[in-house]
Amino acid sequence: MPSSRIPEGNAEAHRVVVVGGGFGGLQATHKLRRAPVEVTLVDRRNFHLFQPLTYQVATGALSPGEIAYPLRSIFKRHRNIHVLLAEVSGFDLDARRVLLSGVDGLPAPPSVEYDTLIVAGGSRYSYFGHDEWRATAAEVKSLESALVVRSRLLSAFEAAEAERDLEERRAWLTFVVVGAGPTGVEMAGQIAELARDTLHKEYRAVDPRTARILLVEAADRVLTTFPPSLSARAARSLERVGVTVLTGRMVVGIDEDGVTIGGDGGEPERIATRNVVWAAGVTASGLAAQLAELTGAELDRAGRITVEPDLTLPGHREVFALGDMVRLRETVFPGVAPVAMQQGRYAAEVVRDRVRSKGTRPFRYRDKGNLATIGRAAAVADIHGLKLSGFIAWATWLVVHLWYLVGFQNRLLVIVRWSFSFITHGRGSRLITNLPGRVREPQDLAGRRT
C-alpha cells in the first residue's frame with residue numbers, strides 16, 4: 001500500500017505521527033517542535049478546540065472563533081511539523097502505518113508511516129446503550145453540537161413567544177440537563193443566566209424568567225469528584241440562579257416531546273420539554289478498541305485501553321496512547337485537560353530521550369485540582385485541599401481558563417467579551433444559525449475539560 005511521506009525536512013529523521021489535535025496531541029506536538037524529529041499531526045478538524053468552553057458557545061456567551069484555533073497557524077513557524085486533515089481509519093502496527101481516509105469528501109493519502117505513534121483520540125459522550133436518544137438530547141462536547149444546542153435553546157424562546165397554548169409554552173420553556181458533573185452544572189447555570197439575566201426584557205408575550213431549568217443526576221449529589229462541602233455549595237448556588245437540582249434520579253426515557261425520570265423511590269415522572277442537553281458519562285474513542293484488538297490490551301467498561309506505566313501499548317513500545325482513551329492497570333485518570341496535557345508532554349519527553357538513547361521514568365500525574373463555575377461570580381474550586389467558592393473561586397476559574405486558551409488573540413478576545421458581558425449582562429453570540437433539528441452522529445473527540 002502506498003503511503004504519504006513527510007513532505008519537508010530530513011528524510012532520515014525519526015518520524016513521529018500524532019493522532020488528535022486535542023490537549024494531549026497538541027502538547028505532544030508542541031514539545032517536539034524543536035526536537036530532531038519529523039512530526040505529522042493528523043486530525044479530522046483543522047483546529048484545536050478548547051472544549052471546556054463549548055458550553056459558553058452553546059449559550060451565546062462566546063463565539064466559535066474565540067475557543068478554537070487553526071492547527072496550521074499554531075505550528076506555522078516549525079518546519080518539522082506537518083498538519084494533515086484526514087480521518088484515521090485503522091492501524092498497521094507491523095508495517096508501522098496509520099491508515100487514513102478523507103474528511104467530507106476531501107482527498108487524503110491512504111496512509112502515513114511512523115517510527116513512533118502517539119494516539120490521543122479522546123472520547124465522546126455515552127448514552128448508556130440508548131443511542132436513539134442522541135438525536136434528541138444534544139451534547140456540547142464538539143463545536144458542531146454546541147452550535148446545534150445554541151440554536152435549540154434560542155429557538156425555544158422564539159417558539160414560546162409565538163405559542164398560545166399554555167401547556168405547549170411551558171414545554172418550550174422547560175430545559176433539562178442530564179448529568180451534574182462540571183459540564184452539566186456549568187450548562188444549567190448558563191441557561192438560567194440566559195433566561196433570567198439576558199433575555200428577560202427582550203420578549204413581549206412571555207417572560208423568559210419563568211423558564212424551568214432541571215438538572216438531573218443519578219448520584220446523591222452534584223459534582224461528585226469534588227468534596228461534599230463544595231458539592232453542597234454548588235447546589236445552593238444553582239438553586240439561587242433558578243436551577244432545580246434533582247439528585248438520585250435517573251433518566252429512563254427521552255423523546256421529542258419530553259423526558260421520563262425514574263428513581264427516588266417513586267413512580268417514573270414524565271416531564272414535557274423540547275430541550276434536553278446531555279452531559280452524563282463518556283466512552284473512549286473507537287481508536288482504543290482498534291488498538292486493543294491489534295495488541296491484546298485490555299479494555300474497561302468505558303472503552304479505555306490499558307497501557308503500560310510509560311503509556312505505551314503491550315508489545316509495542318513505539319505506540320503511545322493518551323488521555324480519555326487510556327488507563328493504567330491500577331489507575332483511572334480523571335477525564336480533564338491537565339491529564340491529557342501532562343501525558344502529551346510526557347510522551348514527547350520519552351521520544352526525545354529515546355532519540356538521545358536515554359531512559360525515562362514512568363508517567364506520574366500531578367493533580368492540580370478541580371474547578372467548576374455556576375454563573376456570575378459563582379464557582380467552586382478544590383486546589384490541593386484548598387476549598388474555595390464564590391467570587392474567589394470564580395476569579396481563579398477565569399485565570400486558569402484564560403491561561404490555557406491557545407493563542408494571544410483568543411485570550412484577548414475572550415477577556416474583552418467576558419468583561420463586556422459581566423458589565424452589561426449581555427451575550428453577543430445569540431445567533432440561530434441553523435434549524436434546531438437532529439444532531440449529526442458525533443465523532444470521537446480529543447477535547448477535554450480543565
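Predicted model: local features only at pLDDT ≥ 70, side-chain atom pairs only at ≥ 80, totals over all residues.
**Exercise 1. Work out which residues of helix α11 are buried, which are exposed, and how the buried ones lie around the axis.**

Solution. Step one is the extent of the helix: α11 covers residues 408-424, 17 residues in total. From first C-alpha to last, α11 reaches 24 Å, close to the 24 Å expected at 1.5 Å a residue.

Step two is burial, taken as under 20% relative accessible area. The buried residues of α11 are N410, V414, R417, W418 and S421. These residues lie on the same side of α11 because they cover an arc of only 100° around the axis. Exposed on the other side are F408, Q409, F420 and I423.

Step three is the cover. The buried residues of α11 are covered by elements including α2 (54-58), β4 (68-70) and α10 (390-404).

Step four is what follows the helix: H425 comes after α11 and has a positive phi, near 65°.

**Exercise 2. Describe how helices α4 and α6 cross, and name the residues that meet.**

Solution. Take the axes of α4 (residues 143-162) and α6 (residues 182-198): they come within 12 Å and cross at roughly 35°. The crossing of α4 past α6 is right-handed. V149, L153, L154 and F157 of α4 meet M187, I191, L194 and A195 of α6.

Key:
Residues numbered from 1 in each chain as written. Heavy atoms only, no water. Helix = DSSP H or I, 4+ residues; strand = E, 2+ residues; numbered from the N terminus. Expected span 1.5 Å × (residues − 1). Buried < 20%, exposed > 50% of the residue type's maximum accessible area, 1.4 Å probe, protein only. Arc of directions from axis to C-beta. Contact = heavy atoms within 4.5 Å. Axes fitted to C-alpha atoms, helices over the stretch in contact; angles between N-to-C directions. Left-handed = near helix turned anticlockwise from the far one by under 90°.
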